[in-house]
Amino acid sequence: PRTDPAVIMLVYHKNKTLLGRQKIWPKGMYSTLAGFVEPGESLEQAVEREVMEEVGLSVCDIKYFGSQPWPFPHSLMCGFHCTYSGGEILIQEEEIVEAGWFKANDLPPCPVGGMSIAGWLIKDWLDRQES
């Protein structure tokens, strides 16, 4: 059976994490970055490409986190944590309308925990900030 893999990633740098907002979301609502895997690329390559395309940043230390079935037909969302390694935020306006770095005690409205892998990624990062 056909499966269309997608990646979702939480990018962090020191004590901050990168969150973005898609234009279809309510104003002020942020989340992690995500995108579909292109034919011929690994999941890790997709993470690097999607972060670069959506916000103009380079990442390294890409670590698998977990996966979740995704509501698009035949999709699987594969989650990753990764470290910022360079660049300045330059958003791809077709998909992202806002993006920024946030500390654990100053997060905008975003999923934390709950039923989505985005929320799981953010909660895991928050838990590690408190330890």
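Strand β3 gives the most to the lining of the largest pocket, four residues. Keep in mind that this is a predicted model. Strand β3 covers residues 33–36, and the other elements that give two or more residues to that lining are β1, residues 4–13, and β2, residues 16–22.

Now the pocket as a whole. By class, the lining has 13 nonpolar residues, six polar and two charged.

Next, Ser75. Ser75 sits in strand β5, which runs over residues 75–86. Is Ser75 buried or exposed? Its relative accessibility is 10%, and the cut-off for buried is under 20%, so Ser75 counts as buried. Leaving out residues up to four places away in sequence, Ser75 touches Thr3, Asp4, Phe36, Pro69 and Trp70.

Last, Ala118. Ala118 belongs to helix α2, residues 117–130. With a relative accessible area of 7%, Ala118 is buried as well. What does Ala118 contact, setting aside its neighbours within four places in sequence? The partners are Ile8, Ser31, Thr32 and Pro111. Take Thr32: Ala118 and Thr32 are 86 residues apart along the chain, yet their C-alpha atoms are separated by 6.0 Å.

Conventions: Residues are numbered from 1 along each chain as its sequence is written. This is a predicted model: local features need pLDDT of at least 70, side-chain atom pairs count only at pLDDT 80 or more; totals for chains, interfaces and linings use all residues. Side-chain values use heavy atoms; hydrogens and water are left out. Ala, Val, Leu, Ile, Met, Phe, Trp, Tyr, Cys and Pro count as nonpolar, Asp, Glu, Lys and Arg as charged, and the others, Gly among them, as polar. Buried means under 20% relative accessible area, exposed over 50%, partly exposed in between (1.4 Å probe, protein chains only). Contact means heavy atoms within 4.5 Å.
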